[in-house]
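Hello,

Here is the structure I promised to pass on. Please open it first, then read the notes below.

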Amino acid sequence: MKRRRNFSTGSAKFEPAKCLALHNGSLLILTLWLVTILSVLAVAIGRYLSLEVRLAKYRKAKEQAAALARSGVYLAMQRVVRDAAAPEAGGRAYDWMGDEWAAPEAIATQDEGSGAGGQLTVAIADEAGKLPLNTADQEQLARLTGDELLAQRLVDARDPPDAPEDAPERTPPYFAKNAPFVAPEEVSDVPDMTPPLYDVLTTQTSPYAPAAEPMNLNTVSSEVLRAVGLSERAVQLVLQYREGPDGPDAHEQDGVFQEGGVAILQTLKDQQGVDLTGTADGNRLISSLFDVSSQTFTVVSEATLARPSVRVRVTAVIRRAGCPDNQPVCLVAWRES
Amino acid sequence: MELVVASTMMAVLFMGLGAHLRGGVAVWQRATDTTERLQRRRVALDRLERDLANSLLYDPRPDAYGEGVGLLPAPTFGGEAMAWVTVGPASPGARPAARFVTYRCDARDGVQGLWRTSQPIGAARAHLPPAPELLLPECEALTARYAALPEPPELPLQWRSPWGSGVTALPRLVEISLTTTSGEEARRIMAIPIGTLTPPPSE
């Protein structure tokens with residue numbers, strides 16, 4: 001039967017029940033589509049904003065960690081100044097591995113705003129316990145590295161030109177500096193430098209000590225003792241006295257050389273029962289190579305934040321002698337990771 | 001009649017929603033562009049700040065620098081460009097070494113931006129052309145000022161430009177302003193911890 005429209009009355013033969021039955025659920029489907037599209041959009045925007053917020057938090061945490069790590073260097077500067085102001089027992093000025101400055105310091109921190117925790121660790125190492133890179137002779141450098149040619153190249157790099165030393169044909173080209181090293185990383189430029197030798201040189205030698213400054217016998221490493229020409233017996237004597245019965249990691253029973261010069265031999269004679277007077281080892285130990293105090297230190301300050309996980313390390317070299325304007329301590333080098 | 005009303009309402013609703021979505025997408029796009037631009041600027045300034053912090057007073061002898069082969073280009077802390085020796089790896093993971101770096105905003109190969117060059121000391125001594133790296137494409141101008149102690153030193157810090165050659169003394173504080181092609185300016189004060197506030201003598 002055909003449905004007819006009654007134009008005379010203006011009304012239609014419209015049957016809502018049938019119409020609704022015909023389109024049953026279409027509005028619901030439309031609404032669900034709309035909700036789905038809006039939900040997808042909301043999730044996408046939420047994820048985008050979440051990523052941006054996380055990036056901003058990471059950036060803020062990195063800035064905080066950097067500021068914290070930098071502050072650790074200045075904290076260390078105060079520690080070495082305080083150590084210099086307070087002489088050791090007997091009024092003597094000596095530095096050793098059990099000194100106040102040598103103990104690593106860990107400080108827990110908390111952000112006042114977010115409450116997030118972090119940690120600052122400050123470790124100070126003695127640069128006077130390393131072989132002076134600018135005054136060590138070729139023999140000492142060869143003994144340390146085990147490489148005669150490299151030792152010669154290191155000496156050639158810092159001393160006035162005395163032979164054809166440049167290699168402009170290399171890649172990259174090499175030109176001897178003919179001046180003292182000012183940073184340990186400079187040894188990287190020396191031809192044929194290998195990663196193991198680079199590591200040995202950067203950990204066992206130091207370009208920061210002034211020419212006449214001796215090494216500290218209380219902190220110098222066994223490798224450096226061997227490099228300067230001490231016999232294995234003398235090296236073991238020094239190490240055994242320094243480390244004491246409690247071993248190298250504890251310092252309560254350490255032996256300390258409290259005075260340089262002939263007092264070193266007297267200490268070894270009294271404490272270890274061995275007299276090195278008049279021997280080649282004895283002469284080296286009382287020479288100007290060694291003393292018992294330190295003026296140059298390396299500070300490694302590392303700040304770690306837990307959430308978000310961020311770590312920043314600052315390594316600095318500080319000196320507490322010969323600073324400009326008679327300052328008690330000054331910065332010599334600075335490296336930020 | 002109800003269907004007409006419902007359709008009209010839905011049409012109005014969809015038109016409004018569409019307009020808002022279009023506006024939202026435009027804002028989102030603009031926000032993303034701005035964020036990326038700021039990120040690029042921040043990364044460039046961070047790179048510059050790290051190179052400055054790790055600076056090295058490589059050789060205090062003025063005769064070690066020059067144009068001849070074997071001589072190192074002189075470190076320069078100028079008003080619009082900087083060149084100096086810093087310590088860093090050539091690439092991530094490589095061992096650190098002394099490197100000669102330069103920063104300048106100019107056009108290279110038709111591309112305007114903040115350009116950084118970095119090369120080993122040997123390559124710089126040989127005066128080999130370094131490979132430039134575009135740090136910030138929209139950089140129009142770089143302006144640098146350097147803090148200096150006034151006379152008497154009790155007065156506030158003075159800012160001067162240029163600093164000088166940087167052969168005998170590195171600046172302690174550097175104020176960097178980057179002006180972009182859109183006219184925006186980014187300014188940051190950076191520290192060279194081993195630097196000094198006493199400028200080198202005029203050349």
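Two strands count as paired if DSSP finds at least two bridges between them. That applies to the strands of chain A below. Please keep in mind that this is a predicted model.

Strands in chain A

Start with β2(A), residues 117-126. Strand β1, residues 105-110 of chain A, pairs with β2(A) in the antiparallel sense. Six bridges link the two. To find your place, look for A:I107: its bridge partner in β2(A) is A:L120.

β2(A) also pairs with strand β7, residues 296-305 of chain A. The sense is again antiparallel, over nine bridges.

Domains of chain A

Chain A is divided into two domains. Domain 1 takes in two stretches, 52-128 and 295-336. Domain 2 covers 133-208. Taken over C-alpha atoms, the centres of domain 1 and domain 2 of chain A are separated by 30 Å.

Where the chains meet

Chain B brings 24 residues to the contact, and chain A brings 23 residues. Three elements of chain B each supply at least two residues of the side that touches chain A: α1 (2-53), β4 (97-108) and α2 (121-125). Which element of chain B gives the most to that side? α2(B) does, with four residues. By class, the side of chain B that touches chain A has 15 nonpolar residues, four polar and five charged.

Over to you.

Best wishes

Conventions:
Residues numbered from 1 in each chain as written. Chains lettered and ligands numbered in written order. Predicted model: local features only at pLDDT ≥ 70, side-chain atom pairs only at ≥ 80, totals over all residues. Domains from an automatic or database assignment. Contact = placed C-beta atoms within 7 Å. Nonpolar A, V, L, I, M, F, W, Y, C, P; charged D, E, K, R; others polar.
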